[in-house]
Amino acid sequence: MTLEIEQFMCRSDNFGILARDSETGITALVDAPEEQAILEAIKRTGWTPSLLLITHHHADHVEANLALKERFGLTIIGPAKEASKIPGIDRQVNEGDVVRVGNQEARVIETPGHTAGHITFYFAKAGIAFTADTLFALGCGRLFECKPPVMYESLKKLVELPLETVIYCGHEYTESNARFALSVDPTNSALKERAKKIEALRREGRPTLPTTLGEEMATNPFLRCHDPVLRNNLGMKNAADVEVFAEIRKSKDVF
Ligand code: ZN
Ligand code: FE
């Protein structure tokens, strides 16, 4: 049994996701960035969703909640900590709660930082995590509602997952993230290789996602605050990892 994934573009750089349990055919949407693009994906795949899993309250993730709920009778599941900002929410979830999609199970991991209630849905058996705007390929979300240590702790939770975990993110930001990553970690050969691949994919108009946790740990500067070379580049040899994280996040904001 598997969790089949259809990933597609919405708006300008958001990803829409349909996740279908192959045994039961039960399908969940992850976030609802744009009604039209989602309807097209449903038509293309023939997968009709009955669930909508929401990662956080930003408009580019919940805009189509009510329209899709009306059309498909979706059950909307999202973070309890920002439930009041999530249109149509039916079930509020917290750390450790389990969400079933047919015979597949997601564990809720609270990953605040980008927003104060942001959650990640982790399907352990399928080896897939939907990290939305917490962890990006070669980046992490902007800190709109939290201080750096909060996001740093969230990322530390995610790096506990198995290295082969497949990561789906909220946005196609990878090419610009790669430029920034190279500016702070220019001698990382895995990163240089990856940046070339990313450039080629984007030239062909193809998505750079999903990624894997292992690939991120080797190349994503926000997960490499402990790395001696990167710390040296920043002149922060003796700083705490969380201070290195805060500095990288601050530099990225103005890059
Ligand atoms: Zn967001
Ligand atoms: Fe977003």
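**Helix pair α5 and α6**

I began with helix α5 (residues 174-184) and helix α6 (residues 189-203), whose axes come within 10 Å and cross at roughly 155°. I keep in mind that this is a predicted model. Angles over 145 degrees count as roughly antiparallel, so I noted α5 and α6 as roughly antiparallel to each other. For the handedness, I wrote down that α5 passes α6 in a left-handed crossing.

Next I asked myself which residues of α5 meet α6. From α5 I listed Thr174, Glu175, Ala178, Ala181 and Leu182, and their counterparts in α6 are Leu191, Lys192, Ala195, Ile198, Glu199 and Arg202. Sorted by class, this contact of α5 with α6 has six nonpolar, four charged and one polar residue.

**The sheet**

I then traced the strands and found an open sheet of six, in the order β1-β2-β3-β4-β5-β6, with mixed pairing. Which strands stand at the edges? They are β1 (3-10) and β6 (91-93); each has a single partner strand, so one side of each is left without a neighbour in the sheet. From one strand to the next, the twist averages 20°.

I also checked one pair inside this order: strand β4 (residues 49-53) and strand β5 (residues 75-79) pair in the parallel sense over three bridges. Here I marked Leu52, which stands opposite Ile76 in β5.

**Helix on the sheet**

My last entry is for helix α1 (residues 35-45), which lies across β1, β2 (14-21), β3 (27-30) and β4. Against β1, helix α1 runs at about 140°.

Definitions and conventions:
Residues numbered from 1 in each chain as written. Chains lettered and ligands numbered in written order. Predicted model: local features only at pLDDT ≥ 70, side-chain atom pairs only at ≥ 80, totals over all residues. Heavy atoms only, no water. Axes fitted to C-alpha atoms, helices over the stretch in contact; angles between N-to-C directions. Helix = DSSP H or I, 4+ residues; strand = E, 2+ residues; numbered from the N terminus. Parallel < 35°, antiparallel > 145°, perpendicular 65-115°, else oblique. Left-handed = near helix turned anticlockwise from the far one by under 90°. Contact = heavy atoms within 4.5 Å. Nonpolar A, V, L, I, M, F, W, Y, C, P; charged D, E, K, R; others polar. Pairing = 2+ DSSP bridges.
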